[in-house]
Amino acid sequence: MMEFSPQHLLLWSLALPLIGAGLICLLNDGRPQRARTIALVTTLLTLLVAGRVAFMFPANGINLESTGGAFALTDASWLGKISGLDVRFSVGLDGLSVWFYALSALLSFCCVLLSWESIHERPATFYSLLLMLLCGMMGVFAARDILLFYVFFEFTLIPLYFLIGIWGHEDRNYAATKFFLFTLTGSVLTFLGLLTVVLVNFSHTGDLTFSIPKLTAALGPVGGHPMPLHLQLWIFAALTAGFAIKVPLFPLHTWLPLAHTQAPAAGSVLLAGVLLKLGTYGFARFNLPLAPEATAWLLPALLWISVAGIIYGALVALAQTDMKRLIAYSSVSHLGFCMLGLFALTPLAVQGGMLQAVNHGLSTGGLFAIMGMIHDRYHTREISALGGLARRTPWMALFMVFFTFSSIGLPGLNGFAGEFLLLAGMFQRAWMTTGPGGLGLKVIAVLAVSGVVLGAWYMLWLVQRVFFGPLREPHGTGHGHGSHDELGHDLKQPDRPLVRDLSLREIGALVPLAVFIFWIGLCPQFFLSRMAPALQEATQPAAAAWQARQTNEAADRQTALNPRPSVPVVAETSP
Amino acid sequence: MDYQQLIQYVIGDTAGSLRLFQPELIVCGTILVMLGLRVFNLTRRIPTWLVALAGVGLALTYALPWHHLATPPVPGSSREFFTGMLVYDNFTIFFRGLLLVFAILFILFTQVSGIPDRDDAADFYTLVLGSMFGMMLMASANHLLVIFLAVEMASVPSYVLAGMLKGRRRSSEAALKYAVYGAGAAGIMLYGISLLAGTLGSCHLPTMAARLATLTPPGTSDPNLMVLVLGGLMVMVGLAFKLSAVPFHFWCPDVFEGASAEVNAFLSVASKAAALALLVRVAIGFGTVPNRQEVSPPPVAVYQAIQDPAGASDQFQQEKSELIREVEMSEESRTDIEQSKVESPNQQMRPPDSLTSLTVVRQFMIYVIVLISAITCTFGNLAAYGQTNIKRLLAYSTIAHAGYMMMPVAAGLSLMNSGHPNPGAAEAFSSLLFYVAVYVFMNLGAFAVVALLRNAMRSEEISDYAGLIRSAPGVTVCFVTILFSLIGVPPLAGFLGKFFIFEALIKANTAPTIALLVIGGLNTALALYYYLRVIKVMTIDPPPADRPPVEFSLVSIPGAYVVAITLPLLLLMLDCNGLGTWTLNACLQLIPGH
């Protein structure tokens with residue numbers, strides 16, 4: 001593999017899932033064994049290739065100028081010849097996308113292991129859809145061209161719609177439809193926004209390019225054609241329509257608990273782990289660099305929305321009786337943290353926010369995986385139906401506690417690194433801001449901290465009720481699940497537990513997540529250093545715009561206090 | 001010019017024109033051959049569909065679309081023939097080619113699905129080809145009378161086709177409704193034509209545009225203005241009827257439900273494509289004065305020599321085009337001035353300072369088209385929500401798509417008004433052609449699946465499609481792909497079509513087109529729900545217990561046909577440059593100044 005260049009590896013990582021999906025369809029014999037083996041091998045290969053690309057990424061995240069601003073860049077003409085339109089097949093990674101790209105491959109691998117025995121119905125279709133979803137997810141992060149980005153962005157919807165709709169739980173029908181309607185409606189508006197950006201650039205430079213870096217450069221403050229504020233606000237609103245639904249930001253989150261709860265385990269893991277990050281990624285990739293002044297103008301409102309999501313998600317999570325729903329609402333709360341970090345616009349906060357987005361993928365992915373394992377065993381998601389599972393399944397309890405700790409930000413694990421950075425950055429922003437706006441930001445920062453406490457509360461409460469205390473199992477499930485007995489572990493023990501603990505396969509699905517949770521927790525610098533320069537570049541214009549607003553406001557206040565401040569100044573300096 | 005010269009001119013013109021008219025003549029010939037077979041009772045021995053297929057194939061080889069469309073047109077190579085009744089340019093070639101390709105696919109489709117049966121086949125294909133002939137005329141019409149004749153030529157066979165399922169009350173009802181509506185619309189259109197012709201003194205579109213340009217100088221109110229507006233609106237009624245645009249769409253759902261899916265495919269694709277071509281012809285015809293006779297084009301040079309041995313027609317041509325040229329000069333000089341003013345690209349989006357009378361005409365058409373397309377699109381999508389019959393649902397989807405496809409016409413006219421006609425406006429019109437080409441496959445595919453499922457399960461109700469993916473996975477995947485493409489989800493071809501249309505609307509950047517853009521965007525979201533419902537029923541819902549098993553394998557002739565229609569939708573995203581170039585080349589000549 002050494003002789004492959006990163007360009008080739010990146011292209012292979014995009015092609016492998018499609019090849020795998022094709023193979024599954026071709027070799028389908030109606031039984032799960034063949035389909036899931038092909039899926040496992042494909043995702044493993046993809047993971048290896050993607051991991052190799054990610055670790056070849058330059059450690060300081062810079063020195064990318066020689067390769068056109070992106071690592072492993074492949075740039076080929078695609079829909080180029082029509083009337084000056086320059087749509088390119090352009091894929092490459094930068095600091096913003098590299099970890100999300102790797103995370104997609106990692107979680108998909110875990111998902112195949114996770115679905116190994118729980119998918120009986122039409123396994124070939126399931127695994128080929130899963131692989132198509134993987135291709136879409138990796139592609140959307142790798143795309144460097146707006147049209148290509150949008151194609152992959154929408155392409156993730158179709159497989160997930162079927163994953164939820166066919167293999168979901170009792171209310172899957174409604175959940176799948178709602179999910180699809182919400183996200184596609186939003187993304188149509190996003191697309192119109194992106195198209196407007198392209199044509200605004202065209203009207204300035206006469207170059208009908210769809211390249212994301214070129215557009216960001218041309219329309220940024222440095223490029224010389226920043227858009228006027230009112231246009232920026234419109235574009236910001238259009239882009240936000242799609243991304244805010246994906247994130248989801250507070251008032252637009254209603255599709256999420258439903259989709260999470262009803263999706264099969266693999267669907268929930270990928271939805272929480274990767275697809276929600278598309279929103280965060282979209283904000284960082286498009287909204288902040290393309291509409292910095294609009295971001296600065298809307299900043300207090302955006303921060304309030306984020307913090308409202310944090311608190312609201314946490315409070316609603318506390319009231320849940322359904323485990324998956326609880327974790328779904330915790331996602332609303334956690335994504336609020338990510339967005340808070342992103343909108344705080346200090347380097348610390350932004351790094352923390354993006355790291356937290358990766359963290360959330362790992363820890364919530366793990367939590368949803370365990371929920372799936374519980375569901376496989378007991379066929380229930382009710383918290384009240386379960387209790388004391390630590391006695392039955394000590395390994396599962398261990399992992400559950402571990403992921404919970406990661407999720408609530410225990411020092412030494414990944415959640416701490418992310419939350420600490422972003423809250424520190426938020427406080428920095430709040431205390432750097434003077435004047436009447438500063439007070440609001442301080443309130444936001446303090447409220448956000450309370451979100452951390454609430455997060456610990458609902459997560460520990462869940463673990464305590466389900467895994468500790470007296471043993472409580474739903475009736476009629478004592479015999480375990482048919483498929484688990486087939487494997488026939490520990491058959492020689494006469495008094496074997498009726499519900500088995502984690503099998504090696506399930507442990508294999510969780511361990512990779514745990515490794516990265518430790519790794520990020522103990523050595524966040526390894527991950528941060530690779531994304532810091534790209535993040536800095538993406539958020540710098542917005543931060544500068546915010547700073548300029550602050551200065552102007554301060555000057556205005558000065559003018560208001562002091563009706564004629566300029567006259568003495570002129571008088572002093574003129575001689 | 002004396003009588004002798006006139007005779008010579010007419011002979012020369014006709015001889016040359018027939019050469020350009022070959023594909024249409026071949027179609028006519030095929031119709032005669034089929035009728036002959038019927039008369040001599042040979043239809044039992046010679047399958048009619050083969051005759052029809054051979055005729056259409058021959059016509060397509062004579063239409064030579066790929067020969068002309070691959071390279072940009074030579075300036076001025078567009079020309080009128082049959083004394084200005086028809087016009088021959090790349091736009092004609094494109095639509096003629098598209099309609100003939102569709103005819104081939106359609107004939108194959110009817111063979112696969114088995115309607116018409118052997119007895120009806122001769123009548124059926126005669127009617128189809130007759131209608132096709134009218135549609136080809138619609139795409140090349142240059143004269144209001146030809147427009148009327150072409151519309152009728154295309155419509156009358158359609159009325160009969162709608163009632164083709166003999167002995168079915170619904171089918172007869174559909175045919176009657178269609179015929180009554182059609183007759184009404186045709187009457188109104190003819191009245192509009194007579195108003196316009198009476199006021200402007202001609203039916204020849206370029207002459208009319210030239211008269212319009214002189215008749216109503218901007219700023220003054222012409223006494224005939226009201227009559228002209230009324231006439232224009234009445235002509236629009238006829239077009240709207242063919243397009244099934246709201247409020248002249250009422251026939252569409254009833255006819256689609258009553259007629260067979262095969263006829264629906266014909267009506268929703270070919271008839272719609274031709275109506276759109278005609279809309280472009282009328283919009284451009286009234287909105288611009290062409291500079292056709294300026295340069296004598298190489299491909300027609302030979303024809304010129306035949307037609308014009310002693311320069312006989314020069315005088316005639318001159319007389320005819322004197323007026324045109326005059327106006328053209330003023331128009332040209334205006335554009336020149338404007339273009340010299342527009343030097344920095346920053347100011348390209350700026351509206352023109354002065355309005356000439358043709359700009360006013362274009363503005364009027366923009367408002368009418370924007371209004372109709374916005375209402376059509378929204379209404380079609382909303383009305384589709386409650387449908388339980390798949391053909392009715394697709395009828396409303398067709399109405400909505402007619403709305404989408406009218407949008408780029410408004411964008412193109414706006415771009416001409418804002419002072420960069422080429423290639424901006426041509427690109428806008430080419431996005432329409434692109435969408436129509438994609439639409440051929442989407443709707444033909446959808447109706448093919450409906451027809452083939454009808455054969456397999458004897459039902460056209462959406463609820464009967466429940467859980468179809470279990471018993472017929474292949475065809476369901478194809479149908480789902482087609483429906484996703486109709487929604488416009490990437491990476492399917494429907495997305496590219498919408499993408500180019502929206503791009504044209506944004507480029508036009510005037511208040512009406514931006515409003516249209518927002519409406520188009522919202523409608524894409526609106527349309528989601530009802531398509532998704534069909535997808536959901538087929539893939540997620542459990543199959544009803546009492547349904548007999550559906551036999552439909554992809555490894556069969558019907559299966560292969562469905563796959564062949566669906567594949568282009570998937571593959572177009574890989575490389576649409578070819579189609580993009582063709583559509584652009586087809587539109588470049590429409591706009592004067594090329």
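User: Why does Leu160(A) count as buried?

Analyst: Buried means under 20% relative accessible area, exposed means over 50%, and partly exposed is in between (1.4 Å probe, protein chains only). Leu160(A) comes in at 0%, so it counts as buried. Bear in mind that this is a predicted model: local features need pLDDT of at least 70, side-chain atom pairs count only at pLDDT 80 or more, and totals for chains, interfaces and linings use all residues. Side-chain values use heavy atoms, leaving out hydrogens and water, while residues are numbered from 1 along each chain as its sequence is written, and chains are lettered from A and ligands numbered from 1 in the order in which they are written.

User: Where is Leu160(A) found, and which residues does Leu160(A) touch?

Analyst: Leu160(A) is in helix 6 of chain A; helices here are DSSP runs (H or I, at least four residues), strands are E runs of at least two, and both are numbered from the N terminus. Not counting residues up to four places away in sequence, it touches Leu133(A), Phe179(A), Gly267(A), Leu271(A) and Leu275(A). A contact means heavy atoms within 4.5 Å.

User: What about Thr393(A): buried or exposed?

Analyst: Its relative accessible area is 1%, so Thr393(A) is buried. Thr393(A) sits in the loop between helix 15 (389–392) and helix 16 (394–408) of chain A. Leaving aside neighbours within four places in sequence, Thr393(A) is in contact with Phe467(A), Val499(A), Arg500(A) and Asp501(A).

User: What makes Glu170(A) and Arg381(A) a salt bridge?

Analyst: The term asks for a side-chain nitrogen of Lys or Arg within 4 Å of a carboxyl oxygen of Asp or Glu. Glu170(A) and Arg381(A) have N to O at 3.0 Å, so the pair passes that test. The partners come from distant parts of the chain, 211 residues apart: Glu170(A) is in the loop between helix 6 (157–167) and helix 7, and Arg381(A) is in the loop between helix 14 (347–378) and helix 15.

User: Why is Glu170(A) called exposed, and why is Arg381(A) called buried?

Analyst: Glu170(A) has 61% relative accessibility, so it counts as exposed. Arg381(A) has a relative accessible area of 11%, so it is buried.

User: How do you know that Glu506(A) forms a salt bridge with Arg377(A)?

Analyst: The closest N and O atoms of Glu506(A) and Arg377(A) are 2.8 Å apart, which is within the cut-off, so the label holds. Glu506(A) is in helix 20 (residues 504–522) of chain A and Arg377(A) is in helix 14, 129 residues apart. Glu506(A) is at 1%, so it is buried, and Arg377(A) at 3% counts as buried too.

User: Why are Asp123(B) and Arg38(B) called partly exposed?

Analyst: Asp123(B) is at 28%, so it counts as partly exposed. Arg38(B) is at 37%, so it gets that label as well. The two side chains meet in a salt bridge, 2.7 Å from N to O.

User: How many salt bridges are there between chain B and chain A?

Analyst: The count is one. It joins Glu121(A) and Arg470(B), with the closest N and O atoms 3.1 Å apart. Over all chains, the whole structure has 23 salt bridges.

User: What do chain B and chain A bury between them?

Analyst: About 3,500 Å², with 76% of it on carbon and sulfur atoms. Buried area is the accessible area (1.4 Å probe) that two parts lose on being put together, summed over both. In chain B, Phe499(B), Ile540(B) and Asn577(B) lose the most area to chain A, together 17% of what that side buries. In terms of contacts, 39 residues of chain B meet 37 residues of chain A.

User: What volume does the second largest cavity have, and which element gives the most to its lining?

Analyst: Its volume is about 100 Å³, and helix 20 of chain B gives the most to the lining, with four residues. A cavity is a set of points on a 1 Å grid over the protein atoms alone where a 1.4 Å probe fits but cannot get out, and lining residues have an atom within 4 Å of a point. Grid points are joined across faces, edges and corners, and the volume is the space filled by probe spheres set on the points. The lining residues include Tyr150(A), Leu184(A), Phe495(B) and Lys498(B).

Conventions: 1 Å grid on protein atoms, 1.4 Å probe; cavity = no way out; pocket = protein on both sides within 12 Å on 5 of 7 lines; lining within 4 Å.
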